Amino acid sequence: MALLDVLNIETFYGPIMAIRGVSLKVEKGQIVAVLGANGAGKTTILRTISGVMDPKKGTVAFEGQEIQRHDPNRIVGYGLAHVPEGREVFPLLSVRENLMMGAYLRDDADGIARDLEAVYGYFPVLKARADQPSGQLSGGEQQMLAISRALMSSPRMLLMDEPSLGLSPLLTKEIFGIIRRINRERGVSILLVEQNAHMALEVADFGYVLEVGRIVMEDTTQRLKNKPDIQEFYLGMKDAGQRGERRWKKKKLWR
Amino acid sequence: MVEFVQLTVNGIAIGCIYALVALGFVLIYKATETVNFAQGDLMMLGAFIAYSCIALWGLPYLVGILIAVAVLAAVGTGLDRIVLRPVVGQPTFAIVMLTIGIGTMFRAGASMTPGWGTETYSFATPYSGSTLRFGTVVIAAEHMTIILATIGLCAGLFAFFRFTKLGVAMQASSQNQLAAYYMGIPVKTMFSLIWGISAGVAAVAGILMAPISLVDINMGFIGLKAFPAAVLGGFGSIPGAIVGGLIIGVIEALAGFYLPAGFKDTAAYIVLLVVLFVRPHGLFGQMARKKV
């Protein structure tokens, strides 16, 4: 049984169908990446899983239990934490207070203290800035804080939305290095949504490609990296000459 | 000089009342981005309940206060749960109208309640009539109680929001609702609790004010003075609300004595205008800064 099993979900923004029957699986201990262009519905998938949006159809099962349409605050309690797009820190709270809010549902003071030390170990800069309001941190530091805050709930799985958004290539590399460490060292499974396909294919074990609300391709990242379509559209490895036209033809083939 | 100090102290006492009502405005505004125009009427309700307990049923003063604050906290929480939660997402204007309507209903309801009505009442406090003397300055115990109680209440609220997990979670919910959901914080419950706290603070303001201005159904119109106080401090800033209230209280007291009649009630608004010209976001306003 997969840790997370999403089956045929359909999600709407008002009358607009953003997710058109998506199914995906994350096995225990895996990093799974969802690739796709702007507006493909990547963020919507994560929001549907974490309960901020409700699917009209389909099921989301975490550890074998159906969780679709549950309130987001309950879903965190099941061990499924969301690192939202654009960081979304609490700007006027200090870094430490932000982290403690991540542990809001926990009562075990010892475990919380241990996890606090652990995230300070991953991101020493957060320890140095523990008492600063988090609104004063740089974008990269805020991203580190957002990841750490999610880890403070001691999740079995992390949903990560564009962790590289707005970061320098160097910082992106550092963050992805730590994402991999978190996965290996703490056994946290990760569902990663990324526009930076290079990085995502580098760290993930398995990948899905999303276009206009549908999954159009799924495979191990090893094999995805070698597919001509992926190389052309997501890794930019062929010349851009007739890309528009060829992309259009390909999309037709996929449907 | 003595009279200046005397007036200032009286002004501070009244200012504390404005500050407490303004605090209620700001708490709710920060959390839910709506303005609760029923704040003054919640205060009136608190004063009337205290009056019933103390003057009509003969309960001890402190017990009466506790009951009034508890009832109002429950009323505030209930208002959010029953009346405001269903209109979340509607235009702000609709919600503001709703709170004005609620305030009017409270006033009408109070005037129809047996034993309350449209009369003006007073109730005895343990300290009624006594005065404190500092050199040549004489301070009525009523004024002193207001100042001390306001300091105590503000310190308590500060400690609550700063040092308790629940308080920090309330701050978090008002700073970033979506992220608070992601943390597992029950945001809706937090908002209801904040309404409860605001209404409780309003009740305290009403009870403190009762000995100096008497209890009647229109005492809630003090909200019209507290609102500029909140704006003066920069709507959305809690220290701002308190400082704004004090400034308006003191200016009003001084203007009422040194300036021609009529300035007492307009002075506050003149100061407000000047401050808004110079600092459009108020004295303590936090300019919304959001990094993308």
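Predicted model: local features only at pLDDT ≥ 70, side-chain atom pairs only at ≥ 80, totals over all residues.
1. Chain B places 16 residues in contact with 22 residues of chain A. On the side of chain B that touches chain A, the elements giving two or more residues are helix 6 and helix 7 (177–182) of chain B. Helix 6 of chain B supplies the largest share, five residues.

2. Helix 6 of chain B (residues 165–175) packs with helix 3 of chain A (residues 95–102) at an angle of about 95°, the axes being 10 Å apart. Angles of 65 to 115 degrees count as roughly perpendicular, and the two helices are therefore described that way.

3. Which residues meet where helix 3 of chain A packs with helix 6 of chain B? Helix 3 of chain A contributes Glu97(A), Met100(A) and Met101(A), and helix 6 of chain B contributes Val168(B), Ala169(B) and Ala172(B). Five of the residues in this contact are nonpolar, one is charged and none is polar.

4. Within chain A, four strands make an open sheet, ordered 2-1-4-5, with antiparallel pairing. Strand 2 (16–26) and strand 5 (65–66) of chain A are the edge strands, each pairing on one side only.

5. Strand 4 (residues 57–62) and strand 5 of chain A run antiparallel and are joined by two bridges. Ala61(A) has Glu66(A), in strand 5 of chain A, as its bridge partner.

6. Helix 1 (residues 42–50) of chain A packs on this sheet and touches strand 1 (4–13), strand 2 and strand 4 of chain A. The direction of helix 1 makes about 70° with that of strand 2 of chain A.

Technical notes
Residues numbered from 1 in each chain as written. Chains lettered and ligands numbered in written order. Axes fitted to C-alpha atoms, helices over the stretch in contact; angles between N-to-C directions. Parallel < 35°, antiparallel > 145°, perpendicular 65-115°, else oblique. Contact = placed C-beta atoms within 7 Å. Nonpolar A, V, L, I, M, F, W, Y, C, P; charged D, E, K, R; others polar. Pairing = 2+ DSSP bridges.
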